[in-house]
Amino acid sequence: MESVSSSFLSPSFTLKTFPSKPFSSFTLPSLSFTSTASASPQQRSTATKKRSSKPSKILPLTTPTSTTTSVPPKKVLVPIGLGTEEMEAVILIGVLRRAGADVTVASVEPQLEIEAYGGTRLVADTSISTCCDQVFDLIALPGGMPGSVRLRDCEILKQITSKHAEDKRLYGAICAAPAVTLLPWGLTRRKQITCHPAFIDKLSTFWAVKSNIQVSGELTTSRGPGTSFEFALCLVEQLFGESVAKEVAELLVRSTVKKNCLPNTDLLLISFDSLCQLMCAADEYLRKEEFNKIEWSFDRMPRVLIPIANGSEGIEIVTIVDILRRAKVDVVVASVEKSTQIVASQGTKIIAEKLISHASEEIYDLIILPGGVSGAERLQKSRILKKLLKEQEAAGRIYGAICSSPAVLHEHGLLKEKRATAHPSVISKLTNEVVNGTKVVVDGKVITSRGLATVTDFALAIVSKLFGHGRARSVAEGLVFEYPKS
């Protein structure tokens, strides 16, 4: 099995894989992919044919997608293997399913359960061998190492993807996958492509580009975890058309920016490029606000508990876990359900390391609750978790929540006299002093954030509080995620 040094990812320490930059803050810096507006007539014709179908509706961020339409849904294959970058895989799955795509997650391993790059255990829907006779509208390869190598060495996936490319159907790859997987398969010939900076030297200088997104005919490539949202939205636009991509983007943006940032604006009436630039501007608005500032310092590796439940937001779970582990935090993922396996939002299957009853036997420096409406409701009902949170507050230890879950802290009386933020759908339920329009709010030993589109900023803010800005910036660079220099 190939091994690749990842020291370039974070100068201060070594990482296992090559990251990307998630959209958590939804940094869509004036999308640098080649759109059909600037494509050749042949490319525009191909894209038009592939965008003729549109799902019946776009569902909320926390609701699994179901399409009721006479038009067959677009079929998408997302293969995963040992060492796949979980942020890239789960963001791809979540965004595409929100757009109405029928996404099949297929394992290239002998078993359906795989351990991703950051240690998160994901469960595929099926084995890649069951996909041989199926026709997909899109095949999208997540990156990560050794995940990209595992995809490359899967002969069945190679045959499926090669035939798919021959038929001029859409395919894409992110992070290491363009260079490590597609290049050896011969599926990047005469195409301009991008990939993670660690692998750009594997590409022909003439065909390599450094943009976050690059569209070359049927092939779309991207740089890493930090560009995953851009990558996924670009694929949505090609599959379903610009209006659907804007609807999905609107759902993501509305959970990020201050309400009065978009006065009387119908995001569906502005161009997709303009929307992306607006999101970029919103990204610079207020990244973090801190009150009653105190130091979070430990003379050892901090220990963090992430409780999860059926319906928890999968993108938030994997992003928080992945980023904290990149920063060398000891993270424990515990299920409040009867089983360690939970079905997160958008149908993503995640396996926790232990049940909350077993996790409660230990003490944690931080407890962080991921969001998701139904997931938050189930977290709130857990008596064991409530006891843990109460003990956390009484002992003066750190806790926090994102998206819908600050409401859980509020219901348990853990936000009294604390400034906080939350997803717009629940923020009015918080009776404490609400900070609106800021992505991440820190008040003493409590940290909260707005939601899906702010999760990367949230996780990096935790890293910054624990280890300093330098460590957070180092991790962000590995993700290919834009982060302030100071």
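Student: So two strands pair if DSSP finds at least two bridges between them. In what order do the 4 strands of the open sheet stand?

Tutor: The order is β3-β4-β14-β13, and the pairing is antiparallel. Strands (E, at least two residues) and helices (H or I, at least four) are DSSP runs, numbered from the N terminus. One caution: this is a predicted model, where local features need pLDDT of at least 70, side-chain atom pairs count only at pLDDT 80 or more, and totals for chains, interfaces and linings use all residues. Residues are numbered from 1 along each chain as its sequence is written, and side-chain values use heavy atoms, leaving out hydrogens and water.

Student: OK, which are the edge strands?

Tutor: β3 (113-115) and β13 (341-343), since each pairs on one side only. From one strand to the next, the twist averages 30 degrees.

Student: How many bridges do β13 and β14 have?

Tutor: They pair over 3 bridges, in the antiparallel sense. β14 covers residues 349-351. Look for Q341, which stands opposite I351 in β14.

Student: And the 8 strands, what order are they in?

Tutor: That open sheet runs β10-β18-β19-β17-β16-β11-β12-β15, with mixed pairing. β10 (288-291) and β15 (354-355) are at the edges with a single partner strand each, so one side of each has no neighbour in the sheet.

Student: Do β11 and β12 run parallel or antiparallel?

Tutor: Parallel, with 6 bridges joining β11 (residues 303-308) to β12 (residues 330-335). For example, L305 has V332 in β12 as its bridge partner.

Student: Which strands does α9 touch when it packs on the sheet?

Tutor: α9 touches β11, β12, β16 (366-369) and β17 (398-402). Its direction makes about 155 degrees with that of β12. Angles run from 0 to 180 degrees between N-to-C directions, and axes are lines fitted to C-alpha atoms, for helices over the stretch in contact.

Student: Switching to helices. At what angle do α9 and α14 pack?

Tutor: About 30 degrees, with the axes 9 Å apart. α9 is residues 314-326 and α14 is residues 455-467. The two are therefore roughly parallel to each other. The cut-offs are under 35 degrees for roughly parallel, over 145 for roughly antiparallel and 65 to 115 for roughly perpendicular, with the rest oblique.

Student: Why give both an angle and a distance?

Tutor: Because two packed helices are described by the angle between their axes and the distance between the axes.

Student: Is the crossing of α9 and α14 left-handed or right-handed?

Tutor: Right-handed. That is when the near helix is turned clockwise from the far one by less than a right angle; anticlockwise is left-handed.

Student: Which residues of α9 meet α14?

Tutor: E316, T319, I320, I323 and L324 in α9. Their partners in α14 include V455, F458 and L460. Contact means heavy atoms within 4.5 Å. The residues divide into 9 nonpolar, 2 polar and 1 charged. Nonpolar is Ala, Val, Leu, Ile, Met, Phe, Trp, Tyr, Cys and Pro; charged is Asp, Glu, Lys and Arg; the others, Gly among them, are polar.

Student: How do α14 and α15 pack?

Tutor: At about 145 degrees, with axes 7 Å apart; α15 is residues 469-479. α14 passes α15 in a right-handed crossing. Among the residues that meet are F467 in α14 and V475 in α15. This contact has 7 nonpolar, 3 polar and 1 charged residues.

Student: Which bond joins M145 and P146?

Tutor: A cis peptide bond, with omega about 5 degrees. P146 sits in the loop between β6 (138-141) and α3 (147-152).

Student: Last one. What is the mean pLDDT of the chain?

Tutor: It is 84, and 79% of residues reach 70 or more. pLDDT is the predictor's confidence in each residue, from 0 to 100. Over residues 1-69 it stays under 50. Residues 274-285 are below 50 too.
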